Amino acid sequence: MNVPRTWDEAAALARPAGAPLAVSQAQRKGAIRILDVTKTYGSGATAVSAVENCTFDVPAGEITTVVGPSGCGKTTLLNAIAGFHSITSGKIFLDDEILCGPGQLQAEPGPDRVVVFQNGALFPWKTVIENVAFGPRMQGRLSKKQAYEKARTLLADAGLHGLENNYPGEISSGMRRRVEIVRALMNEPRVLLLDEPYRALDSLTKSVMHEALLQLLEKNRLTIFFITHDLEEAIFLGHQVVIMTTRPCRPKKILTIDLPYPRDYSMLTTRRFRDYLDETLEAVHEEALKAFAAGEKER
Amino acid sequence: MDDLRATLDSIDTKLGADASADLAYTGLARSVSRPRLVVRRVGQWLRSPRPYLMLLGFALFMGTWYLTVEVLKLPHFAQMPGPTAVLHEWFSPDPAFGLSIYTADYYLHIWVSLRRVLIAFMLATATGVPLGLFLGWSQRFKEYVFPIFELLRPIPPLAWVPLAIILFQGVETPIIFLTFLASFYATTLNAMLGVQSIEASYIRAAYCLGAKRWQVFWHVIVPGAMPFIFTGLQISVGVAWFSLVAGEMVSGQYGLGYVINTSYTMVQYPTIVIGMVTLGLVGYATSVVVRIIGNYLMQWRARELGLGGRQ
């Protein structure tokens, strides 16, 4: 297999001959490159490979959705990008800087890559506005007054006006997710990492959240890395869908979704959408069967 | 297709309506003043069966006591003071054994005990909360300290009495030390568990948003452990009264434990029960005060649990 070992090699593979090599400062907008990443838990006979020789690109300013059987190692990958876990080998790049690789196997978590968690992680002891202003306040980037002002503007933009002084426990779960995304945007991140953020939501709320997320992408130039196991969601949102193999995790198939934005729900019933869905379903089903068989064997 | 679109639009407005309903709800809660809220709560309580069940419980308890001691005069209870004897002594302006709500000594005993508990409780909180937070926060610190802590914890305060007397001068300090011990363990352990109970995603989110280690400690660890800390403080104030009485029975000239012990040696049986009931009442009151402070400091929790909170 031809796996690039360095950023230069990878860039050479990815770019047409003669194109400039380095990414200039102005073009920095959150392209992630995952190069031959392996993550093994434990060692010796009990070692379990969660991710193995995983290589793919998350293009800047686009939504990349990642689907795969549950427990396949998608979250491991997200944690490696965010800097919550180390990797065993390989490299991860954010634009032209190396996040983790040989020598420094764990990335430093930072506000350029903000995670929105599966079960939500708004601090229940802080009001909505305190939560939203948290990032710039901690980094010392903005004064309290500036941070609150910006928070109010962003909250109002997201249709969350009037909730500033409520605690997260007092608002609905759909609103909590929106607040959490606003909290992330306050930091002007290059990348938004979402780990099945809408899993716990009912389907009606979910559909509204999808459109809100797409609108958000229009307003802010940023890259979205979105883990889900809802295939419709993956295709509806993504510029590209990365279908993962079962443990150890690596891309099985990468689908470019050639549907125009802004997308709306009428798309779900179109022929092309259905074709994408069939294609995805087939790949995922194959992996699910493998995962099931592996589970049987372990028992 | 248009149908679908229309449905989604209506959903959208529905969700929008939901948002404003939520706002209306919180707005409403805010417009109600605190005293009116209290009145409403009390009204609800009186309309529910709870107060009457509680009264019935008390009546059954007192009735059994009265029946076994004063009516049936069961042999086992021959020496036991009956409720009428206790109440008569307790509310007598001229008590037979010198202690009733009309005597200054009664309040002096309460005050001395209360002061010892408060000092011990505050010391235990001031040392136990930080210790517990650090134990939960730093694995290395825990490895140094926790084994010693776990070895000392099962030793009951009574076993410390001789050492307490040897170590500390006077009457007050040994008693306060004994009272402090059990509170300290309860507070420390709960603060530690509080830190361990914090969901990892909160800590990760804080780092993600650019917080430094000490900022995570102040903004995530401390408030996140708060519910457990206050549970610990309620236990702590309870066990403080436990060990206080043990200490006061050993030494001292005042205090409710002393009252109970001397009344026994001087055969003033109704006074024993007065001391016990007073302990129960004062102990309950302190625990309520701790709970109120907890709810006040943890607005987010009080509001989440629908307790109203400070608006």
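Biologist: First the sheet in chain A. What is the order of the 4 strands, and is the pairing parallel or antiparallel?

Modeller: This is a predicted model, so every value is computed from predicted atoms. The sheet is open, the order is β2-β1-β4-β5 (chain A), and the pairing is antiparallel. From one strand to the next, the twist averages 30°.

Biologist: What makes β2 and β5 of chain A edge strands?

Modeller: Each of them pairs on one side only. β2 covers 48-58 and β5 covers 97-100.

Biologist: How do you know that β4(A) and β5(A) pair?

Modeller: Count the bridges. Pairing needs at least two bridges between the strands. Strand β4 (residues 89-94) of chain A and β5(A) have 3 bridges, in the antiparallel sense. The two strands therefore count as paired. Within this sheet, A:Phe93 has A:Ile98 of β5(A) as its bridge partner.

Biologist: How many bridges join β1(A) and β2(A)?

Modeller: 7 bridges, antiparallel. A:Val37 has its bridge partner in β2(A), namely A:Cys54. The hairpin of these strands has 6 residues between them, and A:Gly42 takes a positive phi near 75° there.

Biologist: Now chain B. Why are α4(B) and α12(B) called roughly perpendicular to each other?

Modeller: Look at the crossing angle. The axes of helix α4 (residues 83-90) and helix α12 (residues 269-297) of chain B cross at roughly 75°. Roughly perpendicular spans 65 to 115 degrees. The value falls in that range, so the label applies. The axes come within 9 Å.

Biologist: Which residues make that contact?

Modeller: From α4(B), B:Ala85, B:Val86, B:Glu89 and B:Trp90. From α12(B), B:Pro270, B:Thr271, B:Val273 and B:Ile274. They divide into 6 nonpolar, 1 polar and 1 charged.

Biologist: Back to chain A as a whole. What share of its residues is buried, and what makes a residue buried?

Modeller: The share is 44% of the 299 residues. A residue is buried if 20 or more other C-beta atoms lie within 10 Å of its own.

Biologist: How many helices and strands does chain A have?

Modeller: 8 helices and 10 strands. Of the contacts in chain A with a separation of 6 or more, 71% come from residues 24 or more positions apart.

Conventions:
Residues numbered from 1 in each chain as written. Chains lettered and ligands numbered in written order. Predicted model: local features only at pLDDT ≥ 70, side-chain atom pairs only at ≥ 80, totals over all residues. Axes fitted to C-alpha atoms, helices over the stretch in contact; angles between N-to-C directions. Buried ≥ 20, exposed ≤ 12 C-beta atoms within 10 Å, placed from the backbone. Contact = placed C-beta atoms within 7 Å. Parallel < 35°, antiparallel > 145°, perpendicular 65-115°, else oblique. Nonpolar A, V, L, I, M, F, W, Y, C, P; charged D, E, K, R; others polar.
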